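Work through the exercises below with the sequence and the coordinates at hand. Each task is followed by its solution.

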Amino acid sequence: MEIHDFIKKNYTFERPEKGYFPCPFFVSEIFEFTNDRGKRIYYVSYATQQLSNDHYAYYEFIIYENETGYTINQSNRFFYDIAGVEGLEFPFMMLFFNILYIFASGAMVSRKRAKT
């Protein structure tokens with residue numbers, strides 16, 4: 001929790017628009033590493049809820065722990081959109097067209113056999 005509090009105090013996060021979740025963090029992960037000098041290094045990531053219509057943010061931090069506390073060594077912020085007709089992505093559509101193809105080719109083969 002100390003790391004979360006440190007990041008919230010020392011970093012400005014994107015705020016969601018009015019009408020969206022006031023607490024934007026959906027998923028957070030912390031990985032702890034030790035460098036060759038025995039110092040702790042943390043990789044922290046946050047994924048947000050919707051900030052606006054189909055608009056999300058993802059944050060990454062590299063944090064060093066030292067004698068006085070923590071310091072943010074590097075941070076990245078990414079935005080991505082998930083828009084459109086959810087559920088009609090490629091795997092679902094490919095399955096639909098494959099089933100349609102199987103029935104259509106079966107109908108053509110049975111017609112050809114009926115004529116001969």
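**Exercise 1.** List which residues H4 touches, not counting residues up to four places away in sequence.

Solution. Contact means heavy atoms within 4.5 Å. By that criterion H4 touches S28, I30 and Y46. The model is predicted: local features need pLDDT of at least 70, side-chain atom pairs count only at pLDDT 80 or more, and totals for chains, interfaces and linings use all residues. Residues are numbered from 1 along each chain as its sequence is written, and side-chain values use heavy atoms, with hydrogens and water left out.

**Exercise 2.** Decide whether H4 is buried or exposed.

Solution. Buried means under 20% relative accessible area, exposed over 50%, and partly exposed in between (1.4 Å probe, protein chains only). H4 has a relative accessible area of 14%, so H4 is buried.

**Exercise 3.** Determine how the buried residues of α1 are arranged around its axis.

Solution. Helices (H or I, at least four residues) and strands (E, at least two) are DSSP runs, numbered from the N terminus. Helix α1 spans residues 2-10, and I3, H4, F6 and I7 are its buried residues. Seen down the axis, they fall within an arc of 160 degrees and so line one face of the helix; the arc is that of the directions from the helix axis to the C-beta atoms. The face turned away carries the exposed residues E2, K8 and K9. On the buried side, the packing partners are β1 (25-34), β2 (40-48), β3 (55-66) and β4 (69-81).
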